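Morning, everyone. Let me put the model up.

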Amino acid sequence: MPKTRPGDVYALGDHRLICGDCRNEAVLAKLFAGKPMNLAMTSPPYAAQRDYDDASGFKPVPPAEYSGWFRGVADALRAHLAADGSFCVNIKEHAESGQRSLYVKDLVITLVRDWGWRFVDEFMWSHGGTPKTPQGRLKNGFEPVFHFALAPRIKWRPKHVQHQTDDVPNWGGRHPSQLDGLAMKGHRQRVATSRAQGQSYKETGNPARLAPPSNFAYPSNVIECGKNHEALGHGAIFPVALPTFFVRLLTDLGDRVFDPFAGAGTTLIACERERRLGYACEISAAYCDIIVQRWETLTGKKATRA
Ligand SMILES: C[S@@+](CC[C@H](N)C(=O)[O-])C[C@H]1O[C@@H](n2cnc3c(N)ncnc32)[C@H](O)[C@@H]1O
C-alpha cells in the first residue's frame with residue numbers, strides 16, 4: 001500500500017510534488033500556488049504502449065485520441081508558463097502493422113497549428129536500444145525531444161551547456177566569419193597535421209603546430225546522455241542527464257521547472273542537483289512514494305507532507 005494518497009502535496013526541501021492528474025487545473029493550481037514556471041520538461045505516456053501503475057487510474061491513450069487527450073496538458077502549461085518559458089517533450093511513437101504510428105507528428109502539428117505554440121527545435125538523445133531480431137526495421141536507438149515556446153524570445157543559456165574540448169580553434173575572440181580564408185585554412189592544416197601525428201594541443205603545447213583550443217564548444221542538438229538508467233521500480237525513466245541538459249540550457253539558478261508526468265522524479269532530481277526548484281505532478285501514488293524516497297536518499301533530508 002503506498003504511503004501517498006491522491007491529492008497529497010509534498011515539500012522536498014524547496015521542491016514540490018503533488019499526487020494527481022496534471023490535466024486537472026485544480027491540481028496544478030494547488031501545486032503552483034500562483035507561481036509561474038520557467039520550463040516544463042517531461043516525458044508523457046507513450047499512448048497505449050506502456051503499462052504504468054494500474055492502481056493509479058491512468059488509462060492507456062489510443063493513438064488516434066492522443067492529441068485530444070494532450071489538450072488539457074497544453075492548456076495548463078500555457079496558463080502557468082512564464083512568457084519567456086519553454087516546454088520540452090520527450091516522446092517517440094511505436095510501429096504497428098509494419099509502419100510507424102503518426103500520433104507524435106500529429107501532436108507536434110496540432111500544438112503549433114491549432115494551439116498556437118512555437119516549434120523551436122527538435123533534439124535527439126541516443127541510447128543502446130533493446131536488442132532484438134530485426135523484423136522490418138532496426139531497433140530504436142534514439143528518442144526525440146520537441147522544444148516549444150509561447151513567444152519568439154525565450155530564456156536561452158547556451159553557455160551553460162558548453163563542454164570542454166581540444167577541437168575548437170582559438171579565434172582570438174573573433175567570430176569565425178571575421179577570419180579571412182587563409183587564416184582558416186592555416187588553422188585547419190595545423191589541426192589536421194597534429195591529428196595525423198596523433199597529437200592534441202595538450203600534448204604538443206606548441207601553437208605553431210596546433211592553435212590553442214578555446215577549451216569550450218557549444219553542443220549540437222544531439223544530446224549525449226551516457227548510460228545512467230537507474231533501476232527504481234519505474235519501467236520508463238529517462239536518464240538524469242536529459243532534463244539536466246534542458247534545465248541548464250533554458251533556465252537560471254533558482255528558476256522553477258515543472259514535470260507534469262513525473263514518473264520516478266528524474267526531472268526533480270536534476271533540479272536538486274542544478275539548484276533549480278522542481279515542481280512535479282504524478283498520478284500514481286506508488287510512483288510518488290518512489291520520488292520521495294529517491295530525493296531523500298540523494299539529499300539525506302526528509303520530505304514533509306502538507
Ligand atoms: C514516461 S513516464 C515518466 C517517467 C519520468 N520521465 C522519469 O524519468 O521518471 C510517464 C508517467 O506519467 C504518469 N501519468 C500518466 N498520466 C498522468 C496524468 N494524467 N497526470 C500525471 N501523471 C500521469 C504515469 O504514471 C508515468 O509515471
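I'll take the ligand first, then the pocket.

Ground rules. This is a predicted model, where local features need pLDDT of at least 70, side-chain atom pairs count only at pLDDT 80 or more, and totals for chains, interfaces and linings use all residues. Residues are numbered from 1 along each chain as its sequence is written, and side-chain values use heavy atoms, with hydrogens and water left out.

So, the ligand. There are 22 residues around the ligand, each with a heavy atom within 4 Å of it. Asp21, His234, Ala264, Thr266 and Glu282 come nearest. By class, that shell has 14 nonpolar, six polar and two charged residues.

Now the ligand's oxygen atoms. A polar side-chain atom of Glu282 sits 2.7 Å from one.

How much of the ligand does the protein bury? Taken alone, the ligand exposes 610 Å², and the protein buries 99% of that. The area is Shrake-Rupley, with a 1.4 Å probe.

Next, the second largest pocket. Its volume is about 220 Å³, the space filled by probe spheres set on the grid points.

Which element gives the most to its lining? Helix H6, with four residues. Strand S11 (222-223) and H6 (241-250) are the elements that give two or more. Other parts of the lining include His160, Gln162, His163 and Pro219. The lining divides into six nonpolar, four polar and two charged residues.

That's it. Over to you.

Technical notes:
Polar contact = N/O pair within 3.5 Å; in protein donor to acceptor, adjacent residues only side chain to side chain. Nonpolar A, V, L, I, M, F, W, Y, C, P; charged D, E, K, R; others polar. 1 Å grid on protein atoms, 1.4 Å probe; cavity = no way out; pocket = protein on both sides within 12 Å on 5 of 7 lines; lining within 4 Å.
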